[in-house]
Amino acid sequence: MSGATLGPLLGEDSENSGLGHRGPESKSIVVPYGFWLFILSDIVLFSALFASYAALVHATDGGPAGKDLFDRTKVAVETTSLLLSSFTCGLAFIAGKRSNMLWTQAWLVVTGLFGAIFLAIELNEFAGMIAMGAGPQRSAFLSAFFTLVGCHGAHITAGLLWIGTMMAQIWVKGFSPRMMRRFLCFTLFWHALDIVWVAIFTVVYLMGTTP
Amino acid sequence: MTERDKSANDVAPGQPHDKLLNEVASYVIGLFLALVFTATSFWVASTPVLWGPGIGVGLAVLAIAQMGIHLVFFLHLTSGPDNTNNVLALAFGVLVVFLIMAGTLWIMANLNGNMMPPDPLTNMQMQG
């Protein structure tokens, strides 16, 4: 209302919608941008978990500390497989942009396999810790650890389900603009999870085991 | 819409470049750099050569650098005008993350510092 009346006074185009002269952006920009905002809010969620972990890391209540629990070799393998998974996810999208069904599906399978390797190692680590009495109820430190790393693991699990769903959808529906938007959102999600993992392996595993 | 107008358009976050070789090169460079930084982090954390108290800061710097590499080479975030919205959203996210982390650590350290030393009498009452 005020824009319509003030526009001519200010010497502007009276049809100015407030969205710029080109009008609203296309869906291929708006949808990934909205998803980018979701990812940033997800990272804010992780930052709260990081903050509580950092505040509670010494509250071991006489129980085992990070030094006694974490195995760096396992973490190195986890880190490498998640990084390679992020890489192949990018390759899958490059193939997808060129509507190459074979390579897209192949790279997505590789992405999922690396993600599954990561998840298997993590679950194995959790099971080992719980078996030796270092479960989340042992101390505040372990509660914070399982919440932070488990939340990341839950995201990876959701990502694996997403990979499977998307492979089937691309197979059936082809590379329509709608599918490519979903695909781009998935690559954003998967790369962001790798960024969160960089923070986790540094803060939890490396800083937690330095002598 | 002219070609010049098109290049001024916004780019979706994560949208790769246009040429196949450039796109793949971006991912290969990113993977290589990320692997180098990861290996350096693990080395820094386990070597006895470096000065102990500085290791934490070094690890934090390496991690932040690696996140930057992921953002540039995997998520294709640039400083170009077509990326302004994506970068601004990221900057706001980083601000919130910084406030949450720094604020929590600051307050919790203060609380721990100001905590009254445990009184043996109260301790007994609480146990009883």
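Axes here are lines fitted to C-alpha atoms, for helices over the stretch in contact, and angles run from 0 to 180 degrees between N-to-C directions. The structure is a predicted model, in which local features need pLDDT of at least 70 and side-chain atom pairs count only at pLDDT 80 or more, while totals for chains, interfaces and linings use all residues. Residues are numbered from 1 along each chain as its sequence is written, chains are lettered from A and ligands numbered from 1 in the order in which they are written, and side-chain values use heavy atoms, with hydrogens and water left out.

The model scores ipTM 0.82 and pTM 0.84. Confidence per residue is given as pLDDT, the predictor's own value from 0 to 100. Chain A averages a pLDDT of 88, and 90% of its residues score at least 70. Helices are DSSP runs (H or I, at least four residues), numbered from the N terminus. In chain A, confidence is lowest in helix α1 (residues 2-9), at a mean of 43. Confidence in chain A is highest in helix α5 (residues 101-131), at 96. The pLDDT is below 50 over residues 1-14 of chain A. Beyond near neighbours in sequence, that stretch has three contacts in the model. A contact means heavy atoms within 4.5 Å.

Chain B averages a pLDDT of 82, with 80% of the residues at 70 or above. In chain B, helix α1 (residues 3-7) has the lowest confidence, at a mean of 43. The highest value in chain B belongs to α3(B), at 93. Over residues 1-8 of chain B, pLDDT stays under 50. The model has four contacts for these residues beyond four places in sequence.

Helix α7(A) packs against two helices of chain B. Its axis and that of helix α2 (residues 20-46) of chain B come within 11 Å and cross at roughly 10 degrees. That makes α7(A) roughly parallel to α2(B), a term for angles under 35 degrees. On the α7(A) side, the contact is made by His191(A), Phe201(A) and Leu206(A). From α2(B) come Tyr27(B), Thr38(B), Ser41(B), Phe42(B) and Ala45(B). By class, five residues of this contact are nonpolar, three are polar and none is charged. Ala, Val, Leu, Ile, Met, Phe, Trp, Tyr, Cys and Pro count as nonpolar, Asp, Glu, Lys and Arg as charged, and the others, Gly among them, as polar.

The axes of α7(A) and α3(B) come within 10 Å and cross at roughly 170 degrees. The two helices are therefore roughly antiparallel to each other, which applies to angles over 145 degrees. Residues of α7(A) in this contact include His191(A), Asp194(A), Phe201(A) and Leu206(A). Among those of α3(B) are Leu59(B), Gln66(B), His70(B) and Phe74(B). The contact has 11 nonpolar, four polar and one charged residues.

A cavity is a set of points where a 1.4 Å probe fits but cannot get out; a pocket is an open set with protein on both sides within 12 Å along at least five of seven lines; lining residues have an atom within 4 Å of a point. Grid points are joined across faces, edges and corners, and a volume is the space filled by probe spheres set on the points.

The largest pocket has a volume of about 1200 Å³. Its lining has 40 residues, of which Phe50(A), Ala199(A), Val203(A), Met67(B) and Met101(B) lie nearest the centre. Helix α2(A) gives the most to this lining, with 10 residues. The lining divides into 31 nonpolar, eight polar and one charged.

The whole structure holds two cavities of 30 Å³ or more. The largest cavity has about 60 Å³ of space. Its lining includes Ile39(A), Asp42(A), His155(A) and Phe189(A). Seven of the lining residues are nonpolar, one is polar and one is charged.

The second largest cavity has a volume of about 30 Å³. Residues of both chains line this cavity, including Trp197(A), Phe201(A), Thr38(B) and His70(B). Helix α7(A) gives the most to its lining, with four residues. By class, four lining residues are nonpolar, four are polar and one is charged.

How values were computed:
1 Å grid on protein atoms, 1.4 Å probe; cavity = no way out; pocket = protein on both sides within 12 Å on 5 of 7 lines; lining within 4 Å. Parallel < 35°, antiparallel > 145°, perpendicular 65-115°, else oblique.
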